[in-house]
Protein chains: 2
Amino acid sequence: MPTRWYNLVPDLPMPPPPPLNPATLLPLVAEDLESIFPRSLIEQEMSLEKYIAIPKEVLEVYKLWRPTPLYRARRLEKLLDTPARIYYKYEGVSPVGSHKPNTAVPQAWYNAQAGVKKLTTETGAGQWGASLAFACKLFDMEASGVRASYDSKPYRRMLMELWGGTVHPSPSTVTQAGRDILAKDPNTPGSLGIAISEAVEVAASDPTAKYALGSVLSHVLLHQTVIGEEALQQLAMVGETPDLVIGCTGGGSNFGGLAFPLLREKMAGNMNPIIRAVEPEACPSLTRGVYAYDFGDTAGLTPLLKMHTLGAQFIPDPIHAGGLRYHGMSPLISHVKELGLIEAVAVPQVDCFKAALQFSQTEGIVPAPEPTHALAEAIKEALKCRETGEGKVILTALCGHGLLDLPAYDKFIHGALEDIPLPSAKLDAAFASLPSRSSTSL
Amino acid sequence: MPTRWYNLVPDLPMPPPPPLNPATLLPLVAEDLESIFPRSLIEQEMSLEKYIAIPKEVLEVYKLWRPTPLYRARRLEKLLDTPARIYYKYEGVSPVGSHKPNTAVPQAWYNAQAGVKKLTTETGAGQWGASLAFACKLFDMEASGVRASYDSKPYRRMLMELWGGTVHPSPSTVTQAGRDILAKDPNTPGSLGIAISEAVEVAASDPTAKYALGSVLSHVLLHQTVIGEEALQQLAMVGETPDLVIGCTGGGSNFGGLAFPLLREKMAGNMNPIIRAVEPEACPSLTRGVYAYDFGDTAGLTPLLKMHTLGAQFIPDPIHAGGLRYHGMSPLISHVKELGLIEAVAVPQVDCFKAALQFSQTEGIVPAPEPTHALAEAIKEALKCRETGEGKVILTALCGHGLLDLPAYDKFIHGALEDIPLPSAKLDAAFASLPSRSSTSL
């Protein structure tokens, strides 16, 4: 099991553009973040150290599910009749069923060390909210969240409450941001951007509380690098080098966690995999977004982040991959994409469920809707290998199981799932409200 | 990972009483079972070999979740402030989330080898039905089941369908047994005994189909001994010897799977643990049942089995531990209990959920309602150790996670769960219909 996290930033040919204070448009300083994050996590966010030691208290909890297994999908390969070798790193063995506790546990621990009593957060599918509730329970803190998919995923609400967390549907009436949005559109399906506004508002107004984010920021991706570090070790044990690394992207934490250690090896010339991010067609920040400074949330309470964004006002359709319904992409992943170090594609929801059914009927594991995006792409590549005869090594991240998402499968199996195209006009409208369109300094 | 299953029978001081043909009251012969089981599994059911090799095709599938982890519950120990050391063997890492695929996979494989095209079964909580659907899918067979808790566990129905299985609520209108029971009581909550009648009826009337049982029979317990074999190896790796082995019992497959290899070591004088079965107060076959010949199902279609039974007509209250709602106990476990080699206790449902909440808030994993019975007993023993200062080593089987049982936790957390006492009169009524009460030859 790795004992340190890997920070990609110092290895890059140039650093990512800094986050900006929205009031001054100057690069953010640590103090700007102190109302919402403890100093230790702010330092990690801005760190230029290549490796950061994992605290022993965190390692002790990691032991419950780490190292996670790396499987070869032999039965899936047989079904596809492909010479490709498909490996998947499975994070669903954590108590919550996804990779999210990899960062929830250290975030809760650092906050507890700083004397914080309560953490607020947003959650999409509920994986992150449940992870934070679990982590807070371990370190005697209170967890409070707002959920973007409250009604469609009732079991994850129950899971959060089981671990002592409290949850509100977002947009909620407990915040100004929520009330404003409900006043404009009482029937909004919500979004992660709205939920972030609400969670940040609560944390900033309560001196005993801080805010925790489940993806996007560099310290979150840092914590997730245990995935890629383990995968490298495990592939080495079976003498394999990946030709293709595929991960799904919403905010980017699962993808970054797998890809960054592999990118380090690629940049060092130790291997040369293609590294590809896969996002939903319903929320295509990397493939149809613009690379610009934007807010991380809908109400404009966060710093300005340079990222691939669909605009903070963009509300994605309520696809089942609730964890991928975010308007922006991690600034670090966006930067790496601009540097040409990774690729990106978008896939429609129905293709994802088709792939997921092939996967679960051969490999057994039922994937969460989010990683089905990576599976769809991996299967597409494996089928190409059948045509070309290439024995490519494909590595993908199965970042969680879908046992709490079975109603989505039920809909798919019974033919009740359809793709809704995303019209350019909807994107154009969202782009129009980008701060970079209204400020000449950006 | 073990490469053979352990058969307890040849190590016992005397063999268990044989199953009887209900028509002749003579000991069953292999031919009596051929309409519902393939010859290979009948041979295992009657085997006197101490070890049986696990087929390589089965081992290949086992690899997906075996070996399963053995954890020490350090955070729970800390919460309880106990000097006891609590170890739990966690079977929830299988694709289905429980120990059931340990036997579903070999049962499906042996049937496929015998040319069987379809397997029928019953399922309580749905863990077994989902496991068999998964296993059948792997070997290109059809799975068809009847469910005793169809309405209360919708996600497990979805899981079965995802793996291509078909499911009917039991009692159903597709069998004579089901129709007869519905005619008598249209509002019956069903039971495993009724569901077995229905599944056996379908298998016996379809020449391409056989029946598969998820517990009770000796070949099922045989397959589960991988649990105990692994636990022995894992405890040896940390230099521990258990003082107390605790497992929940419904039909007995999880308990037998853990306990039998430990019982072998105990009988060989290599260790001396107390081995204790824990059952629900709502369905207390070992603690309040009679040891007698009885049918395995409600309609009387199975052989007569000598076991601790509440009577095949007994309908347990619809507790959440659907997998423990069986009127009888595995004949092999019943025999071992009669020999004084194991103990048994019964616990009420609310105590189980209390224990489960303590467990999941410290260890993270949300236990299925079934193993919460063992956890409640393990916690009780650990608290006794706090009083006495004894550093006992407690080993328990956490045979599945409860992610699909979250509505039960939700009810408990919101105070909507109550214990319903089981009056002796209800038991007496069920005992009255035992075949041994009507036949002087039994």
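Tutor: We shall take the terms one by one and set each value against its definition.

Tutor: This is a predicted model, in which local features need pLDDT of at least 70 and side-chain atom pairs count only at pLDDT 80 or more, while totals for chains, interfaces and linings use all residues. Residues are numbered from 1 along each chain as its sequence is written, chains are lettered from A and ligands numbered from 1 in the order in which they are written, and side-chain values use heavy atoms, with hydrogens and water left out.

Student: Why is B:S218 called buried?

Tutor: Buried means under 20% relative accessible area, exposed means over 50%, and partly exposed lies in between (1.4 Å probe, protein chains only). B:S218 has a relative accessible area of 17%, and therefore it is called buried. This residue is found in helix α10 (residues 218-237) of chain B.

Student: Which residues does B:S218 touch, not counting residues up to four places away in sequence?

Tutor: Contact means heavy atoms within 4.5 Å. On that rule, B:S218 touches B:E45 and B:L332.

Student: What makes A:R157 and B:D410 a salt bridge?

Tutor: The term requires a side-chain nitrogen of Lys or Arg within 4 Å of a carboxyl oxygen of Asp or Glu. Between the side chains of A:R157 and B:D410 the N to O distance is 3.0 Å, and the pair is a salt bridge. The count between chain A and chain B is 2 salt bridges.

Student: How many residues does each chain bring to the contact, and how much area is buried?

Tutor: Chain A gives 39 residues and chain B gives 39 residues. Buried area is the accessible area (1.4 Å probe) that two parts lose on being put together, summed over both. Between chain A and chain B this area is about 3300 Å², with carbon and sulfur atoms giving 64%. A:L64, A:Y155 and A:L162 supply 21% of the area that chain A buries against chain B, more than any other three residues.

Student: What covers the buried residues of α16(B)?

Tutor: Helices are DSSP runs (H or I, at least four residues), and strands are runs of E (at least two), numbered from the N terminus. Helix α16 (residues 406-413) of chain B has the buried residues B:L406, B:A408, B:Y409, B:D410 and B:F412. Their cover includes α6 of chain A, together with α14 (349-363) and α15 (372-388) of chain B. After α16(B) comes B:G415, whose phi is positive, near 75 degrees.

Student: How is chain A divided into domains?

Tutor: Domain bounds come from an automatic or database domain assignment. Chain A has domain 1 (4-55 + 101-211) and domain 2 (67-97 + 218-413). Their C-alpha centres lie 22 Å apart. The contact takes 59 residues from domain 1 of chain A and 53 residues from domain 2 of chain A.

Student: How much area is buried between domain 1 of chain A and domain 2 of chain A?

Tutor: The area is about 4400 Å², of which carbon and sulfur atoms give 67%. A:Y6, A:L8 and A:N102 supply 14% of the area that domain 1 of chain A buries against domain 2 of chain A, more than any other three residues.
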